[in-house]
Amino acid sequence: MTIEVGIVIAVAGLLLSYLSYQLARTKEIKSDGQESAELKAELGYIRKGVDDIRIDLKANEKNIAHLTERVAKVEESAKSAHRRLDILEKGVE
């Protein structure tokens, strides 16, 4: 009788050990899946942020090109105005 009780206890211990292992493994898999999902979400946010930065950069480049053209026109106009002023100053003297 004591041998049978010992065998039953051993089998119960093995069964309990196996079930504990499976439970821990399932929790680990869930944890890994959750971490993977969080990582993918964060990468998505970073990708969207980079795309927004690229769009802003292109808009800024267009604005700079437009301002460069305007500055060139203003410089030409100022040069022309200085020439006229020089002519007027020579005429006054």
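Guide: A residue counts as buried under 20% relative accessible area, exposed over 50%, and partly exposed in between (1.4 Å probe, protein chains only). This is a predicted model, in which local features need pLDDT of at least 70, side-chain atom pairs count only at pLDDT 80 or more, and totals for chains, interfaces and linings use all residues. Residues are numbered from 1 along each chain as its sequence is written, and side-chain values use heavy atoms, with hydrogens and water left out.

Visitor: What share of the protein chain is buried?

Guide: Buried residues make up 0% of the 93 residues.

Visitor: Why is E35 called partly exposed?

Guide: E35 has a relative accessible area of 49%, so E35 is partly exposed. S77 has 45%, and is therefore partly exposed.

Visitor: How many helices and strands does the protein chain have?

Guide: There is 1 helix and there are 0 strands; helices (H or I, at least four residues) and strands (E, at least two) are DSSP runs, numbered from the N terminus. Helix α1 covers residues 2-92 and includes E35. S77 is also in helix α1.

Visitor: Why is the protein chain called more spread out than a compact globule?

Guide: Its radius of gyration is 40 Å, well over the 12 Å that the globule rule gives for 93 residues, so the protein chain is more spread out than a compact globule. The radius is taken over C-alpha atoms, and the rule is 2.2 Å times the number of residues to the power 0.38. The C-alpha atoms fill a box of roughly 135 × 20 × 5 Å, taken along the principal axes.

Visitor: How far apart are the C-alpha atoms of S77 and E35?

Guide: They are separated by 63 Å, with the two residues 42 residues apart along the chain.
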